[in-house]
Amino acid sequence: IAVKGALPEGVTVEYEGNDKTDAGEYTVTAKFYYNGESLEGKDLTATLIIKQAVYDMSHVTLSRKSFDYTGETYTPSIDGTLPEGVTVEFIYDGEIKDAGSYTVTAKFTGNPNYKPIPDMQATYTGLKAKYDMSGISFENAVFVVSGEEFSIFITGELPEGVSVSYVGNGVTEVGEHRVNAVFESANPNYKA
């Protein structure tokens with residue numbers, strides 16, 4: 001900052017506390033001299049305020065907020081490019097891996113000459129996976145009554161963690177009988 005107005009002839013001014021680059025509030029003193037001699041008691045002071053700049057975060061968002069369960073850990077990220085000098089830390093409880101909901105907070109750190117960047121928060125959702133049952137078949141069967149029980153079963157290899165039980169098997173009488181294969185899994189990360 002500088003004094004305003006024209007100095008009287010022979011008077012010069014020097015400043016103490018000027019030439020600042022960081023945001024903050026500074027006291028600047030203008031010292032006056034006449035023909036090289038200090039003019040005692042004529043010093044002037046003023047406050048130099050450099051305001052913090054504002055980062056442009058308009059193009060930065062948290063990345064996709066849902067993911068398919070794969071058994072692998074999911075790591076949140078941002079979409080967009082952070083301004084130079086800005087870093088981000090993701091805060092959440094535990095490990096983002098299983099199907100369910102997770103609250104994720106993105107905390108940004110930047111240059112102290114810029115205003116603090118507000119946190120971003122989002123809910124991430126792990127979507128249940130679907131078992132691949134394409135190799136499983138359950139075929140109709142015809143039996144001749146002989147007094148023994150007849151049952152039919154699936155063919156193919158069940159995915160790991162899946163079990164099957166049957167409703168309607170063990171038939172001994174003549175007729176058409178419906179048999180249901182009921183698949184179950186105790187893994188909550190898969191669709192029923």
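The second largest pocket here has a volume of about 210 Å³. Bear in mind that this is a predicted model. Below is a quick look at that pocket, then the largest one, then the salt bridges.

**Second largest pocket**
- Its lining is made up of Lys130, Tyr131, Met133, Val162, Phe183, Glu184, Ser185, Asn187, Tyr190, Lys191 and Ala192.
- Sorted by class, the lining residues come out as six nonpolar, two polar and three charged.

**Largest pocket**
- The largest pocket has a volume of about 500 Å³.

**Salt bridges**
- The count comes to two salt bridges.
- In one of them, the side chains of Lys31 and Asp43 meet at 3.1 Å, N to O. This pair links distant parts of the chain, twelve residues apart: Lys31 is in strand S2 (residues 24-34), while Asp43 is in the loop between strand S3 (37-38) and strand S4 (44-50).
- Lys31 counts as partly exposed because its relative accessible area is 22%, and Asp43 is partly exposed at 35%.
- Asp119 and Lys107 also form a salt bridge through their side chains, at 2.7 Å, N to O. Here Lys107 is in strand S9 (100-109) and Asp119 is in the loop between strand S9 and strand S10 (120-127), so this pair, too, links distant parts of the chain, twelve residues apart.
- Asp119 is partly exposed at 41% relative accessibility, and Lys107 is partly exposed at 35%.

Definitions and conventions:
Residues numbered from 1 in each chain as written. Predicted model: local features only at pLDDT ≥ 70, side-chain atom pairs only at ≥ 80, totals over all residues. Heavy atoms only, no water. 1 Å grid on protein atoms, 1.4 Å probe; cavity = no way out; pocket = protein on both sides within 12 Å on 5 of 7 lines; lining within 4 Å. Points joined across faces, edges and corners; volume = space filled by probe spheres on them. Nonpolar A, V, L, I, M, F, W, Y, C, P; charged D, E, K, R; others polar. Salt bridge = Lys/Arg side-chain N within 4 Å of Asp/Glu carboxyl O. Helix = DSSP H or I, 4+ residues; strand = E, 2+ residues; numbered from the N terminus. Buried < 20%, exposed > 50% of the residue type's maximum accessible area, 1.4 Å probe, protein only.
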